[in-house]
Amino acid sequence: MVVFPEHRYYGESMPYGSWNEAYKNATTLAHLTTEQALADFAVLITELKRNLSAQACPVVLFGGSYGGMLAAWMRLKYPHIAIGALASSAPVLEFEDLVPSENFYDIASNDFKRESVNCFNTIKDSWDVIESEGEKSNGLSYLTETFRFCRKLESADDVSNWLSSAYSYLAMGNYPYPADFLMPMPGNPIKEVCKKIDSCPNGTSILQRIFEGVSIYYNYTGKVECFDLDDDPHGTNGWNWQACTEMVMPTSSSKNTSMFPAYEYDYASDEEWCLENYGVKPRPTWITTEFGGHGFKHALKNFGSNIIFSNGLLDPWSGGSVLEDISETIVALVTEKGAHHLDLRAATAEDPDWLVEQRAAEVKLIQAWLDQYLDTRRKVFDM
């Protein structure tokens with residue numbers, strides 16, 4: 001049996017009866033936490049097994065991205081509920097200073113550079129052009145027209161944020177075949193973006209090149225007439241709350257190695273935004289307190305078991321995950337050409353051999369967990 005439970009505040013069954021009420025203010029959002037989500041899953045699994053008279057049935061957890069983090073953490077916090085977890089693309093180390101804050105944007109940038117240095121440089125140079133254009137008297141109107149936004153821009157930063165999001169999501173969804181995980185995209189979408197940017201005729205402006213490239217992400221189907229900056233196709237409202245309370249994941253962008261606008265991580269700025277929007281201060285050390293910080297790997301080795309951390313090195317989040325074996329039962333499966341939790345996507349005829357082999361390795365490990373569990377149960381029963 002496969003059970004795909006909703007995460008509170010993200011599914012159709014909203015607390016307080018509706019999305020508007022659940023997201024009304026900090027008081028109603030207060031129950032949107034990782035601890036509460038894990039407890040929900042623990043109660044659901046326990047009750048489901050009881051209702052089905054299957055109390056002895058083993059449970060394996062699967063999750064990708066934030067779901068992968070939850071899977072790993074639940075295996076540690078509720079070892080009596082599940083016998084193991086597959087945590088795909090789970091950046092469990094992306095907190096405080098456990099990993100360099102530049103990792104995410106450096107990896108995303110390298111995804112573009114590996115396809116085309118010219119593409120990388122064009123994107124890197126575009127930020128100054130956008131900023132300069134935005135300072136002109138009619139610059140915002142020009143940017144609005146160039147990038148086909150539905151309403152006039154209020155700031156050039158809106159364009160930069162829109163583009164940065166696209167490049168980040170392209171790196172996450174850089175799958176070897178067409179997919180619509182985030183947006184409808186072709187196979188190897190970064191390659192296609194760079195082809196668009198690099199193949200523009202001589203004399204094409206840098207902003208037009210950028211628009212042609214980013215349209216692979218925002219308008220691959222060709223059906224979008226204008227782009228709405230207020231649209232939230234990825235459902236980040238709930239995540240913004242979590243980032244303002246517990247999921248504080250420091251990021252920065254290096255001037256030398258990143259193609260994104262350079263900046264240093266500024267906790268004070270995040271705190272100001274969270275106070276303004278939610279009236280709360282972030283707790284940057286809570287996740288490391290709850291689930292483990294600098295001693296996380298040590299805790300995994302000494303107190304954990306049966307967790308697979310799978311990662312593809314094209315995925316920007318891989319820089320915050322576990323990329324090496326911790327013990328015989330806490331294993332890292334790393335693929336050079338994999339993107340964001342690609343192994344958890346449905347199998348297709350287009351799957352490359354390395355992906356098929358990765359999934360086979362995961363199945364083999366999980367089968368060993370099940371065999372060990374059932375063998376132990378039989379021995380106890382025979383006593």
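View A. Lys77 is partly exposed, with a relative accessible area of 38%; here buried means under 20% relative accessible area, exposed over 50%, and partly exposed in between, with a 1.4 Å probe and protein chains only. The model is predicted, so local features need pLDDT of at least 70 and side-chain atom pairs count only at pLDDT 80 or more, while totals for chains, interfaces and linings use all residues. Residues are numbered from 1 along each chain as its sequence is written, and side-chain values use heavy atoms, with hydrogens and water left out. The side chains of Lys77 and Glu290 meet in a salt bridge (3.6 Å, N to O), a term for a side-chain nitrogen of Lys or Arg within 4 Å of a carboxyl oxygen of Asp or Glu. This pair links distant parts of the chain, 213 residues apart: Glu290 in helix H13 (residues 286-291) and Lys77 in helix H4 (residues 66-77). Helices (H or I, at least four residues) and strands (E, at least two) are DSSP runs, numbered from the N terminus.

**View B. Further salt bridges.** By the rule above, the count comes to ten salt bridges. In one of them, the side chains of Arg8 and Asp40 meet at 2.6 Å, N to O. Arg8 lies in the segment before helix H1 (19-22) and Asp40 in helix H3, 32 residues apart. Asp40 counts as partly exposed, at 26% relative accessibility. Arg114 and Glu115 also form a salt bridge, with their closest N and O atoms 3.5 Å apart. Both partners are partly exposed, Arg114 with a relative accessible area of 46% and Glu115 with 24%. A network of salt bridges links Arg114, Glu115 and Lys191.

View C. A pair of aromatic rings is described by the distance of the centres and the angle of the planes. Rings of Phe, Tyr and Trp (its six-membered ring) pair if their centres lie within 6.5 Å; planes under 30 degrees apart count as stacked, over 60 as edge-to-face and the rest as tilted. The count by this rule comes to 26 aromatic pairs. The rings of Trp127 and Tyr167 have centres 6.1 Å apart and planes at 80 degrees, so this pair is edge-to-face. Trp127 belongs to helix H6 (residues 117-134) and Tyr167 to helix H8 (residues 156-172), so the pair ties together parts that are 40 residues apart in sequence. Trp127 counts as buried at 8% relative accessibility, as does Tyr167 at 0%. Tyr167 and Phe260 are also edge-to-face, because their ring centres are 6.3 Å apart and their planes stand at 70 degrees. Phe260 is found in the loop between helix H11 (237-243) and helix H12 (267-277), 93 residues from Tyr167. Phe260 is buried, with a relative accessible area of 3%. One aromatic cluster includes Trp127, Tyr167 and Phe260, together with Phe104, Tyr105, Phe112, Tyr263 and Trp317.

**View D. Two loop residues with positive phi.** Most residues other than glycine have a negative phi. Glu96, however, has a positive phi near 45 degrees and lies in the loop between strand E2 (84-88) and helix H5 (103-113). Glu96 counts as partly exposed at 34% relative accessibility. The phi of Arg148 is also positive, near 55 degrees. Arg148 is located in the loop between helix H7 (139-146) and H8, and counts as partly exposed at 45% relative accessibility.
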